[in-house]
Amino acid sequence: MTEIVIRLSAVLLVTLVYAAPLCQGAKDEEGFVSLFDGKTLQGWTLDGAEGNGFVVEEGTLVCPQGSVGNLYTTHEYANFVLRLQYRMSAGGNNGVAIRAPGHGRASSVGMEIQIIDNDHPMWKRLRPEQLDGSIYDVVAAQPGHNRGPGQWNDLEIAADKRQVTVRLNGAVILDSDLNSITDPKVLEKHPGLRRPSGLIGLLGHETRVEFRAVRVKRLP
């Protein structure tokens with residue numbers, strides 16, 4: 001009997017350890033609503049799909065290798081905290097759209113938080129503001145916090161009025177006041193920086209990237 005109790009306790013401990021990154025503590029998750037039911041694309045719309053776009057595989061949202069498309073929420077969000085986990089293949093390239101209109105180039109007409117395998121040779125010529133965690137082509141994120149291909153990463157994006165903060169695996173890698181972006185050329189190229197609200201999206205760019213535990217909390 002004692003041996004059975006020990007074994008059950010061990011199983012419970014392992015379960016809690018692996019579940020911890022998803023729940024991050026009950027209090028810390030208060031007010032969050034799941035955006036993905038783990039089975040279907042209900043609550044999402046696909047724009048500009050080539051190949052399969054996005055599919056559901058074993059409880060994860062997947063942009064398959066060779067597929068293109070932007071998967072947007074059906075509801076708009078102004079001020080919010082978005083949390084999700086993502087896992088890239090080698091050379092992975094994707095992104096998270098925020099305050100986007102649901103059509104056009106998301107990184108220009110909205111904003112894109114970049115997801116990319118910084119260390120892959122195919123991306124060696126990218127500028128700092130095009131690397132993982134950056135507001136794409138606008139504000140560079142601090143590198144060195146991505147766990148690399150094949151590993152799950154915890155991403156949090158907070159958009160609170162004009163402040164955008166990105167946390168990757170617990171570290172703040174970007175904290176930007178959009179009002180501080182005053183370069184006329186940047187503002188002309190990225191009119192989406194002025195948008196107060198819009199859709200959240202996942203941006204497929206021909207490489208396999210997986211998502212899970214996608215949830216959002218609206219802010220006042």
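Two exercises on a predicted model follow, each with a worked solution. Local features need pLDDT of at least 70 and side-chain atom pairs count only at pLDDT 80 or more, while totals for chains, interfaces and linings use all residues. Residues are numbered from 1 along each chain as its sequence is written, and side-chain values use heavy atoms, with hydrogens and water left out.

**Exercise 1.** Describe the setting of histidine 190: where is its place, and is the residue buried or exposed?

*Solution.*
1. Histidine 190 sits in the loop that runs between helix 3 (184–189) and strand 12 (198–205); helices (H or I, at least four residues) and strands (E, at least two) are DSSP runs, numbered from the N terminus.
2. Its relative accessible area is 2%, so histidine 190 is buried (under 20% relative accessible area, 1.4 Å probe, protein chains only).
3. Leaving aside residues up to four places away in sequence, histidine 190 touches Ser107, Ser108, Tyr136, Asp137 and Val138 (contact means heavy atoms within 4.5 Å).

**Exercise 2.** Which secondary-structure elements each supply at least two residues of the lining of the largest pocket, and how do the lining residues divide into nonpolar, polar and charged?

*Solution.*
1. The elements are helix 2 (106–109), strand 8 (111–116) and strand 12.
2. The lining has 15 residues; Arg105, Ser107, Glu112, Tyr136 and His205 lie nearest the centre of the pocket.
3. Six lining residues are nonpolar, seven polar and two charged. Ala, Val, Leu, Ile, Met, Phe, Trp, Tyr, Cys and Pro count as nonpolar, Asp, Glu, Lys and Arg as charged, and the others, Gly among them, as polar.
4. A pocket is an open set of points on a 1 Å grid over the protein atoms alone where a 1.4 Å probe fits, with protein on both sides within 12 Å along at least five of seven lines; lining residues have an atom within 4 Å of a point.

Definitions and conventions. Buried < 20%, exposed > 50% of the residue type's maximum accessible area, 1.4 Å probe, protein only.
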